[in-house]
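Welcome! Please take a look at the sequence and the structure below, and then we can walk through some of its parts together.

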Amino acid sequence: MSPLLQQLSEALAETVETAGASVARVEGRDRLPATGLVWSADGVIVAAQHTLERPEVRVGLPDGRAVPARVVGRDPGVDLAVLKAEASDLRPALWAEPEALRVGALVLALGRPGARVLATLGVLSALDDGWRTPQGGFVDRFLQTDAVMFPGFSGGPLVDADGRVTGLTSSGLVSGQNLALPLATVRATVEALLAHGRVRRGYLGVGAQPVRLPESLRAAAGQDTGLLLMNVEPDGPAGRSGLLLGDTLVTLNGQPVRSLESLLAALGGDLVGRRVPARLVRGGQVRELAVLVGERSE
Amino acid sequence: MTILQQLSQAMAAVTAQARRSLVQLTNGQRGGWPAGQGSGILWSPDGLIITNAHVVQRRALTATLPDGRELPARLLAHDAARDIAALQVDAAGLPAIALGDSRALRPGDWVAAVGHPFGVAGAATAGVVIGSGPDLPEQARGGEWIAVNLRLRPGNSGGPLVDAGGRLVGVNTLMTGPEAGGAVPVHVVQQFMHEKIGR
């Protein structure tokens, strides 16, 4: 029998074992536990937000210890939560260089819903630009795999042939799709949650729907569609800045606003508390108005 | 030869070897495709065959050996909880499968299964071990199992799961998802044989 296949088998098992040293069990719900990834040696663990259903959380460490953990914060927009486990000597996951990722490359999906790490094998199926989740969060890069998401794998890593993490998987991002979060998104969320306990998002306090602009105004507005304000909270950021029911928002801070999704994309956390220009159509004319952006509460 | 060609040949060789010890089990109802079909494993040269208890269901079976012979198979022992059954055919000099070490399996280890999924004779599927032991997620039954990341279908039941060396590590038992299934570890089969058959 050829030793090559046995070498392949051993290399796969070694990769799982090595990467599994940074994969923890996350006990945050009554049914099957889920998985978390060690972010730093001092006990910071990243998990899938949807797997934390109760306030008390325990973490099963790769060395077999089970310790209590505090929920530092959650970002439902990208289905991430940051936990602080009572442990100090953990092995942080090694992440792959984002430039090294290639479609078709071998990946293993890891999880630890029980005592030991589990693995499935597949390839990186798709790699594309940033996208917005149905929950309104922005993900810096689209990562998809055909590796099976075994029960309890959410919050676990997708690792490459070097055992380095290429993404954090969650079945809660888009149901029925095996998607993963890239390093940039995980890092930004972890840093925001550690610093503020929450991820800041801009807020206007409006209800709106996309409409086509009158043909005569398209050139002046610089685009064909905008967002018609159907509702403006009187004491909300938009209301206090002078936006009115019936206005059609065209751009915010220079970014085109053609759909609710593009408005959410324009309302990044960096705009909170800032006065930014809004272009809108009111009474058949294109106008500019300064809007003081508020912060969305969870 | 490129490494991919070498790997491909090695996978085909392991599969061919597993198929030499693969038995087809039918309940005698001809034409009822694919009703009553399952797989079995040649355990010893003198005609012992291992399969799942749920394949046998205490009925008289016909075993089609790898050389094409069709022989009546007599039920020797049966354990529904561990889903193992032992059958006997009157034959000698059969190509018994080599046994591997299911306790040494690790997540990520390469494995292949052969069987008769939906009646397709001797079909192969390959993948990796997800994990093994008594504490796998969503495992309704007790006992020890191997979770595998490959494509098991009705008719794979009772067939061999082999490792990268072509040795038997499990008896394929059920599908738990489109690309995941479960197998009875070979050391559990060995315990069963020791208890029930005395060998």
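How many Å apart do the C-alpha centres of domain 1 of chain B and domain 2 of chain B lie? The answer is 14 Å. Please keep in mind that this is a predicted model.

## Domains of the two chains

Let us begin with chain B, which is divided into domain 1 (3-88) and domain 2 (102-190). Where these two domains of chain B touch, the contact takes 26 residues from domain 1 and 26 residues from domain 2. On the domain 1 side, at least two residues each come from H1, S1, strand S2 (37-42), strand S3 (48-51) and helix H2 (53-56) of chain B. H1(B) has the largest share of that side, with six residues. Sorted by class, the side of domain 1 of chain B that touches domain 2 of chain B holds twelve nonpolar, eleven polar and three charged residues.

For chain A, the domain assignment gives domain 1 (3-85), domain 2 (98-185) and domain 3 (202-295). Between the C-alpha centres of domain 1 and domain 3 of chain A there are 41 Å.

## Helix H1 of chain B

Helix H1 of chain B covers residues 3-19. At 1.5 Å a residue, its 17 residues should span 24 Å, and this agrees with its end C-alpha atoms, which are 24 Å apart.

Which residues of H1(B) are buried? They are B:Ala10, B:Val14, B:Gln17 and B:Ala18. These four sit on the same side of H1(B), because they cover an arc of only 100° around the axis. Turn to the other side of H1(B) and you will find B:Leu4, B:Gln5 and B:Ala12, which are exposed. The cover over the buried residues of H1(B) includes H1 of chain A, along with strand S1 (22-26), strand S7 (110-115) and strand S10 (160-163) of chain B.

## Where chain A meets chain B

Now for the contact between the chains. It takes 27 residues from chain A and 28 residues from chain B. On the chain A side, the elements that give two or more residues are helix H1 (3-20) and S8 of chain A. H1(A) gives the most to this side, with ten residues. By class, the residues of chain A that make up the side touching chain B are 18 nonpolar, seven polar and two charged.

Is A:Glu17 buried, exposed or partly exposed? With 16 other C-beta atoms within 10 Å, A:Glu17 is partly exposed. A:Glu17 and A:Arg116 are 99 residues apart in sequence, and in space they are 9.8 Å apart, C-alpha to C-alpha.

Strand S11 of chain A takes in residues 142-145, and its side chains alternate.

Follow S11(A) to its pairings. Strand S8 (residues 118-128) of chain A runs antiparallel to S11(A), and four bridges join the two. Opposite A:Phe142 in S11(A) stands A:Asp128. S11(A) also pairs with strand S14 (residues 179-181) of chain A, in the antiparallel sense and over two bridges. Here A:Gln144 has A:Leu179, in S14(A), as its bridge partner.

Key. Residues numbered from 1 in each chain as written. Chains lettered and ligands numbered in written order. Predicted model: local features only at pLDDT ≥ 70, side-chain atom pairs only at ≥ 80, totals over all residues. Buried ≥ 20, exposed ≤ 12 C-beta atoms within 10 Å, placed from the backbone. Pairing = 2+ DSSP bridges. Contact = placed C-beta atoms within 7 Å. Nonpolar A, V, L, I, M, F, W, Y, C, P; charged D, E, K, R; others polar. Expected span 1.5 Å × (residues − 1). Arc of directions from axis to C-beta. Domains from an automatic or database assignment.
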